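Me: I have a structure to go through with you. Let us take some questions in turn.

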Amino acid sequence: MAASVVKTPKCPRRGSAKEQQSKASPKSNNESNNWHWWILLASVFLITFATRFYKVTEPDHICWDETHFGKMGSWYINRTFFFDVHPPLGKMLIGLSGYLTGYNGTFPFEKPGDKYNETAYQGMRYFCTTLGALIMPMGFDTVYDLTRSHEAALLSAAYLIFDVGLLTLNQYILLDPILLFFMMGSVWGMVKISKATASGGSYSVRWWFWLFLTGTMLSCTISVKFVGLFVVLLVGLHTATELWLILGDLGQPIVETLKQIACRAIALILWPILLYTLFFYIHLSVLNRSGNGDGFYSSAFQSRLIGNSLYNASMPRDVAYGSVVTIKNHKTGGGYLHSHFHLYPKGSGARQQQITTYTHKDDNNKWVIKPHNKQRLPKDKLQLLRHGDLVRLEHLVTKRNLHSHSEPAPMTKKHLQVTGYGESGVGDANDVWRVLIVGGKVNETVHTVTSRLMLIHYLQNCALTSSGKQLPKWGFEQQEVSCNLNVRDKYAHWNVEDNEHKLLPSVSFSVYAPGFFARFLESHAVMLQGNAGLKPKEGEVTSRPWQWPINYRGQFFSGSSYRIYLLGNPVIWWSNLVFLALFVAVFLGNAILEQRRAGQARALVRSQADSEDSEPSTTDVPLCTCCPEEQQLLRRPREDHRDPLGAAAWLFVGWLLHYLPFWAMGRVLYFHHYFPALIFNSLLTGVMFHHIIQSLPRWIQHVLLGGLLSLIVYSFALFSPLAYGMSGPLANEPNSTMHSLKWLSTWEF
């Protein structure tokens, strides 16, 4: 039997199938595009690594925050516990890179400018620089996937490569290159997922790979700094939008939407949470030795640290008169009740001895509990401290009593001043305090660590509290202690931590040591509180968010004879603002135009419906299913990844999420906080440049691209000494080689 032949129908829009085939792009075009992509990507890699690793080990002294993060890397190597306001992953990676490259963790990292000498610091710099260098290839591929334009991808990568500010930030032992790497990886993965989903590749191995890679990058970003939450929000918004489009696809069953939601919840929510928790488990397991950060944490937390006075502690369970104790404020990050020989200055209340809270342990935290009406108990008599007792607290070192009176506190004027008063433990009636156990009962005994206490002044009826305010230099920047007339103050809770008494039997406190999840939650409470309370150091240059996009002022990384100055390439930064404004104008104009077109279409439909003699239009062309784009339209109304404005819109949202929140932050801010937003702005610039010139002849496009690339390369050559090192006179002196580049008076290089 002869095989039957079915004649291919003629397409009403594009002609016969043979005609369509003759119009199809030849396979060689795709191969040519692939070769172009690989050549450009290789060029991006080569130029990026050449610019980043040039002079990466110079200067050979501590630069800026290397003094903090290098020191923290040392503490991981030595397993010494410390406190920092950031999550642990970045510092763990710095410590690991140092350990693997021969650093032994002994260099003190005391202050910027200290010479490294024979210290093997190079490995940590190489590691941070490598992660920073990988941002540019990922940015190139991200923009290419969004636009399918080599020009857009190349320009975006060039804006990242030739920015001297990003170069400076990439070359040192800092958290920033690690943070930016994971942030860029999250965006890269987000675009890859969207591309795979739109092409029908859901549930493939590649699709799952990009899902879990993106989840890993998200977890790592927020595990380096809490500002990683901004890229988590971006990916979350993008994922929600994509799921909404899938839900609106009537060609797919509702089960498809549920499957997509379940898969993304596993890879983008549950997996990152699991990783984040794992990073903290490793952090708390590695840092198991007592260090200078112990005092920021609760007494129970400290009991898990080897070398801490509470580790495997054996001390009296009960507190008695005559006990020598340390008293810790019970709030998160609370310090120890502390005093020293220095007096309050004139104008800050009575000129009596200062009382503060101090987060580090020393002998000035020790107090003796005495009866309110006698100086001492007989040596052989034991009397336990109970709920409701009246006591005096004598400072062990200075022999002055804890005291309050009607003078206002030095910082919180609504509170009363707390001082050290008396001589050799002899004072007056204002030294008497009532001890109350929170939720306690009559005659209930006060216990070490576990009893939450309030100290109520007997005459003033106010509660001893730590206001959380930092005292000026005269108070050594310790925390203010005051007496609050509102006895419901939530910060007026304390506990006894160390307890010494010769007549009391000792018991082991290991039973009170908290588990992992209790320490995990406390770590977050302490970090968040510390982050909110960050204050600038003396002489430190801070900035405000309005100054960042305009490149108003930089900051010194190295201020010695070999100067490094963090400042953006002004040509890149200022042109970024131009393209940002162009995007807003074009996007709004396009939205208005689309709205007008939609209105015209609705008006045309109504007029046809109202016409009694309406006939099918001979100019209308029916949709056909033989055209691939028609099939795609009928099958699934998905986001077009080649729409430059749609791509630019998501990059604009990324810029907003990484910039606007800083306007609402009360903590101290620095210029380097803008660099995550800068990356989104630079990617947006490439996309918008492509969108604006794509209708021009190709030769004009290439001329414009070549001119802009030449300009930014030339500006990089001019300003590269800011990153690679300057010597000689400052730029404000006429004989300086940088004098002509001081375009703004606020630039201090």
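Reply: First, a term: a helix here is a DSSP run of H or I with at least four residues, numbered from the N terminus. Note too that this is a predicted model.

Me: How far apart in helix α15 are R597 and E594, in helical turns?

Reply: The side chains of R597 and E594 meet in a salt bridge, 3.4 Å from N to O. R597 and E594 both sit in helix α15 (residues 570-610). They are 3 residues apart, so the separation is about one helical turn.

Me: Is R597 buried, partly exposed or exposed?

Reply: Buried means under 20% relative accessible area, and exposed means over 50%. R597 has 47%, so it counts as partly exposed.

Me: Which helices does the salt bridge of K192 and D141 tie together?

Reply: K192 and D141 come within 2.8 Å, N to O. The two are 51 residues apart in sequence. K192 lies in residues 176-198 and D141 in residues 135-147, so the pair ties together α9 and α6.

Me: Is D141 buried or exposed?

Reply: The cut-off for buried is under 20%. D141 has a relative accessibility of 7%, so D141 is buried.

Me: How are α4 and α5 placed: parallel, antiparallel, perpendicular or oblique?

Reply: The axes of α4 (residues 89-100) and α5 (residues 122-133) are 8 Å apart, at an angle of about 130°. Roughly perpendicular ends at 115 degrees, and roughly antiparallel needs over 145. The two helices are therefore oblique.

How values were computed: Residues are numbered from 1 along each chain as its sequence is written. This is a predicted model: local features need pLDDT of at least 70, side-chain atom pairs count only at pLDDT 80 or more; totals for chains, interfaces and linings use all residues. Side-chain values use heavy atoms; hydrogens and water are left out. Axes are lines fitted to C-alpha atoms, for helices over the stretch in contact, and angles run from 0 to 180 degrees between N-to-C directions. Angles under 35 degrees count as roughly parallel, over 145 as roughly antiparallel, 65 to 115 as roughly perpendicular and the rest as oblique. A salt bridge is a side-chain nitrogen of Lys or Arg within 4 Å of a carboxyl oxygen of Asp or Glu. Buried means under 20% relative accessible area, exposed over 50%, partly exposed in between (1.4 Å probe, protein chains only).
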